[in-house]
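Reader: I would like to learn how to read strands, helices and their packing from a model. Shall we take it feature by feature?

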2 protein chains.
Amino acid sequence: MKFDTKILNKLSVGNKKLTARIISLVESENDLAIDILKEIFKKSGNAYRIGITGPPGAGKSTLTNQITKLLLSQNKSVAIIAVDPTSPFSGGALLGDRVRMNDIGMLDNVYIRSIATRGSLGGLSTKTIDIADVLDAAGFDFVIFETVGVGQSELDIAKIADTTIVTLVPESGDSIQAMKAGLMEIADIFVLNKSDRPEADKAFNSLQTTLHLQNVSQNNWNPPILKTKALLNEGVTELVEKIIEHRNFCFENITCAKKRKEYLKERIIDIIELTLRKRIVASNSQLIDTSILDVNSRELSPYSLAEKILNNIKF
Amino acid sequence: MKFDTKILNKLSVGNKKLTARIISLVESENDLAIDILKEIFKKSGNAYRIGITGPPGAGKSTLTNQITKLLLSQNKSVAIIAVDPTSPFSGGALLGDRVRMNDIGMLDNVYIRSIATRGSLGGLSTKTIDIADVLDAAGFDFVIFETVGVGQSELDIAKIADTTIVTLVPESGDSIQAMKAGLMEIADIFVLNKSDRPEADKAFNSLQTTLHLQNVSQNNWNPPILKTKALLNEGVTELVEKIIEHRNFCFENITCAKKRKEYLKERIIDIIELTLRKRIVASNSQLIDTSILDVNSRELSPYSLAEKILNNIKF
């Protein structure tokens, strides 16, 4: 394929077509993708990364929309990455989200991208972060990762986000579950959305008590709880102010820098691991194919065969 | 640690204490664990592996209970592995399950084990299958994997199960979502549980129509839809009969053998990958630590550093 990496200089917030093309190339996972990612990386690191997670139906997309509109009104550019772990039992949700997102998707200074991660090896991190790098290098001020919190995805998002927002709703009783399941470890800001619902005050108080009791503090940052009504655009100004406050805190302290460095380490190891997996399969497929009969008949254990192959790999 | 692998000869369905101890050792991921797993593997391969998945609240645990009781009445032994991907937003569900399971957990010929997989590297497969091997080697006739279908867990379970049961409930509208999200690719048997609910007939027909239209067939096996009321123990006899029917089909055709072989291959590569990851971290931590500053300042890309490390690994 002919591709001049000089074209990457034309990558910008305004050039949606080129952005889309570069992302497609990056997703293709061939050698060209690696070349592009190396170039892209040089220009990245300036976008502020926000993670928004929560249960299905908590209003994450509406909230993302409203935050985006507010940031746009402040002359900021926003890229949204909707990460879809596609639970088969909530498969339809994100489709609806995408339709709702369309009202901002056409605006200048906004770019929206959905990624399906179900069934992908190595989880969502590598692919998602590659795309974030492209958008970062294009010059977007903010990259928002939005994902439904199922299983693993919210942990991955929290790793790559500078500010992680956990969105809850009053009636679901999620607040207490969230506390139990260690969501406090990932939330920099809690949002209690749909706070006009009858149960809202009760949910707010219970959340606050739990936070207080557990004395949660992320490196001296006390995660606040904000009430919003995203559909009515209420509470969104306060939320964006709180995000900026956390950003300032995060950069003044070493929290953000440290976290970003930690994640870079993990990312490097992830890249190595994925590459090695491909190489192992490529260079041992014959050995595995012939030995698998012995494994299948229980004469050889998977661990013994793995050892045999590992012995041929020299560090 | 002193451990004589001869003790593994004493592993049996009746020896719950030893079984628990071996599983703990296997989970510890040290060298002893590998030695045990190699020994254990020789005796494994005889248990029939059933996967049960579905959305939260579909009654998977009750169904597992009832299937287990029926199999016990046929003088079979049953091990249950409850795989918990622990969505933070459904964190409490499995706890309740475990309480419910206690009424069979104390019986002879039953062994129940829960595994939390959230945050674990390499997903659930390696650990889960190691434990399944121990139970298989102990002589259990059936190993049932039960997991809530969120994100990735149901795909992993389907890979290691000989028969995969997808449990749905009438009112959730899951049936159509399930169709969309490719659950048909993993289901050998569909169960429509809580089939006394008003919407049951409609859901059944819609599921049947979709299956028929899409002409789903797993290597000439047409996944049936069974109606159950697990709480009332209705439809369970038919379900167990269908499982046995699928088992016979699976062994008469090469489906099961082929699938087991395919999975063994993947498992070997998973083991190699996890081991390599540890080795990479161990033997490159200094290089990564010193280079990370250059990566952080954007002078070096993660891909370039990964390449550098990969170049030192020889196949």
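Predicted model: local features only at pLDDT ≥ 70, side-chain atom pairs only at ≥ 80, totals over all residues.

Reader: Why is β5(A) largely enclosed by the rest of the structure?

Author: Count the residues. Six of the six residues of β5(A) are buried, so the strand is largely enclosed.

Reader: With which strands does β5(A) pair?

Author: Take each neighbour in turn. Strand β1 (residues 48-54) of chain A pairs with β5 (residues 163-168) of chain A in the parallel sense, over four bridges. A:Ile52 stands opposite A:Ile165. A:Thr53 has A:Val166 as its bridge partner in β5(A). Strand β6 (residues 189-192) of chain A also pairs with β5(A) in the parallel sense, over four bridges. There, A:Leu168 faces A:Leu192 in β6(A).

Reader: What is the strand order of the open sheet in chain A?

Author: The order of the seven strands is β3-β2-β4-β1-β5-β6-β7 in chain A, with parallel pairing. At the edges are β3 (110-116) and β7 (225-227) of chain A, each pairing on one side only. Neighbouring strands are turned by 20° against each other on average, direction ignored.

Reader: Now a loop residue. Where is A:Asp188 placed, and is A:Asp188 buried or exposed?

Author: A:Asp188 sits in the loop between α7 (174-180) and β6 of chain A. A:Asp188 counts as buried because it has 25 C-beta neighbours inside 10 Å; the cut-off for buried is 20 or more. A:Pro224 is 36 residues apart from A:Asp188 along the chain, yet their C-alpha atoms are separated by 7.5 Å.

Reader: What share of the contacts in chain A joins residues 24 or more positions apart?

Author: Such pairs make up 76% of the contacts in chain A with a separation of 6 or more. Of its 315 residues, 46% count as buried.

Reader: Which residues of α6(A) are buried?

Author: A:Ser153, A:Glu154, A:Asp156, A:Ile157, A:Ala158 and A:Ile160 are buried in α6(A). Six of the eight residues of this helix (residues 153-160) are buried, so α6(A) is largely enclosed by the rest of the structure.

Reader: On to chain B. What is the strand order of its open sheet?

Author: Chain B has an open sheet of seven strands in the order β3-β2-β4-β1-β5-β6-β7, with parallel pairing. Its edge strands are β3 (110-116) and β7 (225-227) of chain B, and each pairs on one side only. On average, neighbouring strands of this sheet are turned by 20° against each other, direction ignored.

Reader: Which helix packs on that sheet?

Author: Helix α9 (residues 236-252) of chain B does, touching β1 (48-54), β5 (163-168), β6 (189-192) and β7 of chain B. The direction of α9 makes about 170° with that of β6(B). For a pairing within the sheet, take β2 (residues 78-84) of chain B: it runs parallel to β3(B) over seven bridges. B:Val83 stands opposite B:Ile115 in β3(B).

Reader: Which members of the largest nonpolar core touch the most other members?

Author: The core has 139 residues, and A:Leu135, A:Val143, B:Leu135 and B:Val143 touch the most other members. Not counting residues up to four places away in sequence, B:Val143 touches several residues, including B:Ala47, B:Ile81, B:Ala132 and B:Leu135.

Reader: How are two packed helices described?

Author: By the angle between their axes and the distance between the axes. Take helix α11 (residues 302-311) of chain A and helix α10 (residues 255-296) of chain B. Their axes come within 9 Å and cross at roughly 55°. The two helices are therefore oblique to each other. The crossing is right-handed. Among the contact residues are A:Tyr303, A:Leu305 and A:Ile309 of α11(A), with B:Leu264, B:Ile268 and B:Ile271 of α10(B).

Reader: At what angle do α10(B) and α11(B) cross?

Author: At roughly 145°, with axes that come within 11 Å. This crossing is right-handed. B:Ile280, B:Asn284, B:Leu287, B:Ser291 and B:Val295 of α10(B) make the contact with B:Pro302, B:Leu305 and B:Ile309 of α11(B).

Definitions and conventions
Residues numbered from 1 in each chain as written. Chains lettered and ligands numbered in written order. Buried ≥ 20, exposed ≤ 12 C-beta atoms within 10 Å, placed from the backbone. Pairing = 2+ DSSP bridges. Axes fitted to C-alpha atoms, helices over the stretch in contact; angles between N-to-C directions. Contact = placed C-beta atoms within 7 Å. Core = buried A, V, L, I, M, F, W, Y, C linked by C-beta atoms within 7 Å. Parallel < 35°, antiparallel > 145°, perpendicular 65-115°, else oblique. Left-handed = near helix turned anticlockwise from the far one by under 90°.
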